[in-house]
Amino acid sequence: MNAPLAILAELTHRCPLRCPYCSNPLELTRASGELTTAEWANVFAQAAELGCLQAHLSGGEPTARRDIVEITAAARDAGLYTNLITAGVLLDAPLLARLKAAGLDHVQLSIQDAEAEGAERIGGMKGAHVRKQAAARLVREAGMPLTLNAVVHRQNLHNLPAMIDLAIAWDAARLEVAHVQYYGWALENRATLMPTRTQLDEATRIVEAARAHHKGRMVIDYVVPDYYAARPKPCMGGWGNRFLAVSPAGNVLPCHAAESITGMVFPNIRSTSLRAAWEDSEAFNRFRGTGWMSKPCQGCEHAERDFGGCRCQAFALIGDAAATDPACALSPHHTVLASAIAEAGEADFTYREFSAAQS
């Protein structure tokens with residue numbers, strides 16, 4: 001059994017944006033149910049003892065928490081490399097200065113589009129794009145490394161070249177061009193977000209050209225949608241293999257979307273240790289390794305490389321988390337992806353927004 005490399009600390013589900021592909025679950029944790037500062041400090045100490053090297057502070061919007069500086073300091077005091085995953089709309093100069101003093105190592109800033117009108121339509125917040133630009137400038141002026149995360153889909157892929165130019169202009173060292181992955185809110189809005197094959201091929205061409213052009217200046221990561229794949233990706237490097245997440249309410253998860261698999265019971269940090277959750281819990285061991293697999297995964301030459309693909313996607317698309325990911329061409333359910341693509345072909349731009357209004 002490997003030690004986890006990183007912990008995703010989902011500090012809150014609260015967020016001022018209304019992105020239709022949000023990774024928040026459909027049922028949000030209220031602020032009153034979130035782990036306290038002291039509880040997060042205990043989580044980070046346990047994570048470091050377990051072997052984690054990195055803490056990714058996420059949400060929702062992590063800076064919506066009034067104790068974000070104290071939480072960051074606790075992660076740093078535990079010896080973890082700290083990365084703030086933020087929309088940037090609540091990040092001002094005084095807060096960033098306090099976060100840097102607390103030991104923040106890196107900032108990952110999300111963007112919804114290359115220009116304000118599209119970004120505000122997708123994110124649902126007036127003035128958000130200007131605030132993100134200001135946040136990026138503050139991060140670089142503070143001498144901190146900056147990654148931009150551009151979530152792309154059918155409604156903004158036409159602006160991909162401009163998003164790449166924006167990353168250069170904002171002085172990002174890394175750009176993640178990440179196609180929407182369809183769980184939770186993204187699955188609710190799949191028909192309006194799914195790119196066409198032509199869009200996907202053009203996006204791939206643009207990214208490859210930009211990688212060559214900006215080599216040595218900016219790294220570009222590229223995550224494609226599984227719906228056009230013939231092989232599944234090794235989701236999170238394998239279930240319970242290199243990664244764990246802790247939800248705002250303290251549930252310990254093999255991936256941030258795992259709670260979408262209804263019927264699974266996950267350990268909670270308020271009643272069990274992080275080590276016990278990682279090593280001994282039924283939830284983490286259920287799909288760990290390859291012994292749980294059935295045909296066609298069992299005995300497949302790719303089994304120990306892709307681990308059968310994504311458990312959450314298998315459950316979302318066919319209702320069976322133990323099935324071969326339909327992204328695999330060998331899956332008997334591979335055709336459900338083609339059906340979803342066809343459904344998206346003529347869809348209008350109307351989507352169901354989530355509301356993160358919390359008391």
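**A helix, its rings and its cores**

R311 is found in helix α13, which spans residues 311-318; helices (H or I, at least four residues) and strands (E, at least two) are DSSP runs numbered from the N terminus. This is a predicted model, in which local features need pLDDT of at least 70 and side-chain atom pairs count only at pLDDT 80 or more, while totals for chains, interfaces and linings use all residues. Residues are numbered from 1 along each chain as its sequence is written, and side-chain values use heavy atoms, with hydrogens and water left out.

R311 is buried yet has no salt bridge. Buried means under 20% relative accessible area, exposed means over 50%, and partly exposed is in between (1.4 Å probe, protein chains only). A salt bridge requires a side-chain nitrogen of Lys or Arg within 4 Å of a carboxyl oxygen of Asp or Glu. Lys and Arg count as positive and Asp and Glu as negative, whereas His and the chain ends are not counted. The nearest side chain of opposite charge to R311 is D325, 5.5 Å away. With neighbours within four places in sequence left aside, R311 is in contact (heavy atoms within 4.5 Å) with W239, I261, F287, W292, A321, A322, A323, T324 and D325.

The burial extends to other residues of the helix: R311, C312, Q313, A314, F315 and L317 are buried in α13. Because six of the eight residues of α13 are buried, the helix is largely enclosed by the rest of the structure. The cover over these buried residues includes α8 (190-193) and α14 (335-344). Just after α13, G319 takes a positive phi of about 80°.

R311 also lies over the face of F287, at 5.9 Å from the ring centre. A charge sits over a ring if NZ of Lys or CZ of Arg is within 6 Å of the ring centre and within 35 degrees of the ring normal. The charged end of R288 sits over the ring of W278, 5.0 Å from its centre.

Next come the contacts between rings. Rings of Phe, Tyr and Trp (its six-membered ring) pair if their centres lie within 6.5 Å; planes under 30 degrees apart count as stacked, over 60 as edge-to-face and the rest as tilted. By this rule the count comes to five aromatic pairs. Y182 and Y227 form an edge-to-face pair, 5.3 Å centre to centre with 75° between the planes. Y182 lies in the loop between β6 (174-179) and α7 (184-188) and Y227 in the loop between β7 (219-223) and β8 (243-246), so the pair ties together parts that are 45 residues apart in sequence. Y182 is buried, with a relative accessible area of 2%, and Y227 is buried at 3%. The rings of W278 and F284 have centres 5.6 Å apart and planes at 55°, so this pair is tilted. Both W278 and F284 are buried. Ring pairs also link W239, F287 and W292 into a cluster.

L187, in helix α7, touches Y182, Y227 and A316, not counting residues up to four places away in sequence. L187 is partly exposed, with a relative accessible area of 27%.

A nonpolar core is a set of buried Ala, Val, Leu, Ile, Met, Phe, Trp, Tyr and Cys residues joined through side-chain atoms within 4.5 Å. Of the 86 residues in the largest nonpolar core, I7, W40, F44, L148, L160, L175 and L274 touch the most other members. Apart from that core lies another, of 25 residues, among them A245, W292, C310 and A321.
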